[in-house]
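Hi,

Here is the structure I said I would pass on.

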Amino acid sequence: MEKKLDSISARVDTSSSSSDSVEDELELSAVRHRPEALELLEAQTRFSRKELQILYRGFKSECPSGVVNEDTFKEIYSQFFPQGDASSYAHFLFDAFDTDQNGSVSFEDFVMGLSILLRGTIHEKLNWAFNLYDINKDGYITKEEMLDIIKSIYDMMGKCTYPMLREETPRQHVEIFFQKMDKNRDGVVTIDEFIDCCQNDENIMKSMQLFENVI
Amino acid sequence: MAAGVAAWLPFARAAAIGWMPVASAPMPPPPREMRRGQDGLIMLNVSGTRFQTWRNTLERYPDTLLGSTERDFFFHEETNEYFFDRDPDIFRHILNFYRTGKLHYPRHECISAYDEELAFFGIIPEIIGDCCYEEYKDRRRENTERIQDDEENENNNDLVLPELSFRESMWRAFENPHTSTMALVFYYVTGFFIAVSVMANVVETVPCSSGPNRAKEVSCGERYALAFFCLDTACVMIFTVEYLLRLIAAPSRYKFVKSVMSIIDVVAIMPYYIGLVMTDNEDVSGAFVTLRVFRVFRIFKFSRHSAGLRILGYTLKSCASELGFLLFSLTMAIIIFATVMFYAEKGSSATKFTSIPAAFWYTIVTMTTLGYGDMVPKTIMGKIFGSVCSLSGVLVIALPVPVIVSNFSRIYHQSQRAEKRRAQKASKEAGQSLVCKINPTFETQHHHLLHCLEKTTRNHYSDSGMKTENDNHCCPLTVTCSGFPRAIDSRQFQSCWVPDCLRNSQSYSQSGFKDSTVDTLHTHTHYIINFIVLI
C-alpha cells in the first residue's frame with residue numbers, strides 16, 4: 001500500500017516537472033533548420049551524393065529538429081564512452097564543429113567538419129586538430145589549453161584504468177607534447193610549429209590516415 | 001546503445017583524429033571492413049502489404065530474422081522481394097523496432113499472437129520499451145494464469161482414471177458433488193441438516209407461551225427440551241458420520257485435519273459431546289452455556305455448499321493488509337478522539353464520559369455514523385470535536401474499502417470464469433469438430449506410410465487397443481506419451497483404415513483383445529510398433 005502511494009506521488013512530481021521540459025521542447029522545435037540543397041553540399045564537401053544522404057539520415061534520426069545543441073551532442077558522444085566522462089571533450093569537439101559559434105551544430109557544420117576529417121588533406125586535418133586544441137581560437141596553444149584538452153581525453157577513459165591514472169600524468173603528457181612541438185621554446189605552439197612537427201613525425205602521419213574509409 | 005546513435009559512430013571515429021597529435025603511442029590497425037552490402041531499399045511483402053526500408057536499417061540487429069541471412073530463405077525471386085506469410089498489422093510494430101530501436105506493444109492485439117510474431121522474427125520481448133512494458137507483462141501474466149486455470153479445471157473434470165479405489169472415489173464424491181447421484185444426495189442431505197440445526201438453535205430461544213398458571217415465560221428450548229435434544233442429537237450424528245467419512249477418504253489425513261473446513265466441522269460437533277460428558281455441575285454450567293454458542297459455527301459449514309461464501313473468505317484473507325491498515329488507522333483515530341472528548345467533557349456535570357475507555361464507545365459509535373445517542377457531548381467544545389470525529393470517521397472508513405471491493409470483484413470474476421469456461425466447452429467442442437476436418441491428402445499419405453512400415457516389418461496394425469476417449473481430437477499425430485492408448489487418433493483408423501490382418505479375419509472386435517496367444521503376441525507387437533512410430 002505504501003509502495004503504491006509512493007509511486008503515485010512520484011508520478012505527480014514528474015508530470016509537473018515534465019511540463020517544463022515539454023515547454024523547452026516546444027521552444028527547441030521552433031528552432032527548426034533545413035539544410036542547404038544537396039547539390040550545394042555536394043559541391044562544398046568531398047562527399048558523394050549517396051554518402052550525404054546516408055549521413056543526413058543518421059543525423060536526422062537522432063536530431064529531428066535539424067540542429068544539435070551542446071547537450072544533445074554531449075549525450076550522443078557520451079554513449080560511445082560509457083566508462084568515463086566524455087562531456088568535457090565533447091564540449092571541445094562541439095566548439096570545433098560549430099564554426100560560426102552560434103551555439104548549435106547544423107547539418108552543414110557537421111558535414112563540413114566530417115569532410116575535412118575524412119576526406120581532407122593532411123594539412124587540412126592538422127589544421128582542424130590545431131583548431132580543436134586552440135580553445136580560445138587565438139592562434140596559439142598554451143600549456144593551460146593543452147592541459148585542459150589532455151585532461152578531458154583522460155577523463156574519457158574513466159577511473160578504472162590500468163595502470164592507475166595519477167594526478168601528474170596529464171601534466172607530464174603536456175610536457176612531452178610541448179617538448180616535441182614547441183621549437184622556439186616560447187611556451188606556446190603556433191600553427192606552423194605544429195604542422196611542421198607533425199609532418200615530421202611518422203606515427204602521427206600514419207595515424208592520421210587511419211579513419212579514411214569510415215563512411 | 002540505441003540504433004540511431006550507432007549511425008553516429010562514423011562521426012565519433014572521425015573525431016578521434018583530434019587525439020592523434022597528442023597520442024604517445026602508435027595507433028592499433030583499424031578493423032577490416034565487413035562485407036559492405038550496398039545500401040539499397042529492401043521490399044518486404046507481408047501477406048500483400050508492402051513495406052520498404054533500407055538494408056542498413058534491418059542490419060542494425062544482426063541476430064534477428066530480418067537482420068541476418070535467414071531472410072534469404074524468404075526471398076521470392078519472381079517478384080524480387082521478401083515474402084512473409086504473417087500478420088501485417090503486427091509486422092508494422094516489428095519494423096518500427098528496427099527503425100527506432102524501440103519495440104512497442106499495441107494494446108488491442110492479442111498477447112499470444114504478438115508473442116508468436118516476435119518469436120518468429122527472432123526478437124526477444126524483453127526489449128519492449130518502458131512505455132509499453134508494464135502493459136505487456138500484465139497481459140502476459142493474466143494469460144498464463146488463465147491457461148493454468150483452464151488446465152487445472154480440465155484435469156479436475158476430464159480426468160477419467162481407469163479405476164479409483166473405493167477411498168478415492170469417495171473423496172471425489174465429497175469434493176465434487178455433481179459427479180454422481182449418491183454424492184449429490186449426500187450433499188443436499190447435509191445441507192438440509194445444517195439448516196435444520198441452525199434453525200433449531202435459533203428457535204430454542206424464542207419464548208413460547210406458557211400455560212396460564214405459570215408466572216414467567218419460558219423459552220421453547222426449555223419447554224420442549226426433549227424434542228430439541230433429539231433433533232440436536234440427530235444432526236450431530238449426521239455431522240459426525242460425515243466428518244469420519246471425510247477423514248477416512250482423505251488422501252492426506254494430516255492435511256485434511258489441518259484444513260479450515262475440518263476445523264469448522266470439529267468445532268460444530270464438539271460442544272455436543274462435551275455437553276454429554278459434563279454433568280450438570282453448577283460450576284461448569286456457565287462454561288457449558290458458553291459452549292453452546294459454538295454451535296452457531298455450524299452455519300459456516302455452508303461454505304462447502306456456497307462458492308460465494310468461500311470467495312468472501314478468500315477475499316478477506318487476501319486483503320489482510322488493507323484490513324490491517326483500516327484497523328490500525330481506526331484505532332489511532334479512536335484513541336485520539338476519545339482522549340479529546342474525555343477532556344472536553346470533563347468539565348460538564350453528570351457526564352457519561354467518565355473515563356477515556358468509556359469515551360471509546362462514543363467514538364466508535366460516532367465514527368461509524370451509528371450514533372446511538374446513549375452518550376452525547378454537552379459542552380460546546382465537546383460538540384465541536386464530536387462533529388469533527390464523525391466527519392473523519394466517514395473518510396477513514398471509506399479509504400480502504402474500494403481496494404477490498406476490487407479484490408473481491410477480481411476473485412469473483414475469476415471463479416465465474418471457471419464456471420463459464422465449463423459451460424462454453426461443450427459448444428466450443430461442437431464448433432471445433434465442424435471446422436477441423438481431416439486433410440484427405442495427409443490421411444492417404446499417412447496411411448501409405450504406415451502401410452509401408454507394415455510391409456517392412458511384416459506385421460500388421462491391430463485396431464484393438466487403439467481406442468481413445470478423445471474421439472473429437474482433430475490433430476492426428478499428437479504424440480503424448482502419457483497414456484499409450486491416446487497416442488493415435490483412433491477415429492481416423494476406425495473410419496478409413498481397416499488393417500489387413502483384421503480385414504482377413506472375420507472376428508472384427510471393437511473392443512478388447514483377441515483370445516488366442518498368437519493374437520496376443522500379434523497385438524503386443526502392434527503396440528510396440530505404434531509406440532516406436534510415434535516416438
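Below is what turned up, starting with how to read the model.

This is a predicted model, so keep in mind that local features need pLDDT of at least 70 and side-chain atom pairs count only at pLDDT 80 or more, while totals for chains, interfaces and linings use all residues. Residues are numbered from 1 along each chain as its sequence is written, chains are lettered from A and ligands numbered from 1 in the order in which they are written, and side-chain values use heavy atoms, with hydrogens and water left out.

Helix packing first. Two packed helices are described by the angle between their axes and the distance between the axes. (Helices here are DSSP runs of H or I with at least four residues, strands are runs of E with at least two, and both are numbered from the N terminus. Axes are lines fitted to C-alpha atoms, for helices over the stretch in contact, and angles run from 0 to 180 degrees between N-to-C directions.) In chain B, helix α15 (residues 320–345) packs against helix α16 (residues 356–367) at about 120°, the axes being 8 Å apart. That makes α15(B) oblique to α16(B); angles under 35 degrees count as roughly parallel, over 145 as roughly antiparallel, 65 to 115 as roughly perpendicular, and the rest as oblique.

Helix α7 (residues 122–133) and helix α10 (residues 191–200) of chain A cross at roughly 130°, with axes that come within 10 Å. So α7(A) is oblique to α10(A), and α7(A) passes α10(A) in a right-handed crossing.

Now the charges. Side chains of opposite charge can pair when their charged atoms come close. Over all chains, the whole structure has 24 salt bridges, each being a side-chain nitrogen of Lys or Arg within 4 Å of a carboxyl oxygen of Asp or Glu. Among them is the one between R49(A) and E39(A), at 3.7 Å from N to O. R49(A) sits in helix α3 (residues 49–62) of chain A and E39(A) in helix α2 (residues 38–44) of chain A, so this pair ties together parts 10 residues apart in sequence. R49(A) is partly exposed, at 36% relative accessibility; buried means under 20%, exposed over 50%, and partly exposed in between (1.4 Å probe, protein chains only).

In chain B, E117(B) forms a salt bridge with R86(B), their closest N and O atoms being 3.2 Å apart. This pair links distant parts of the chain, 31 residues apart: E117(B) is in helix α5 (residues 111–120), and R86(B) is in the loop between β4 (81–84) and α4 (88–100). E117(B) is buried, with a relative accessible area of 7%, whereas R86(B) is partly exposed at 22%.

What about S197(B): buried or exposed? S197(B) is buried, with a relative accessible area of 1%, and is found in helix α8 (residues 181–204) of chain B. From S197(B) to A234(B) is 37 residues in sequence and 9.2 Å in space, C-alpha to C-alpha.

Happy to go through any of this with you.

Cheers

Definitions and conventions: Left-handed = near helix turned anticlockwise from the far one by under 90°.
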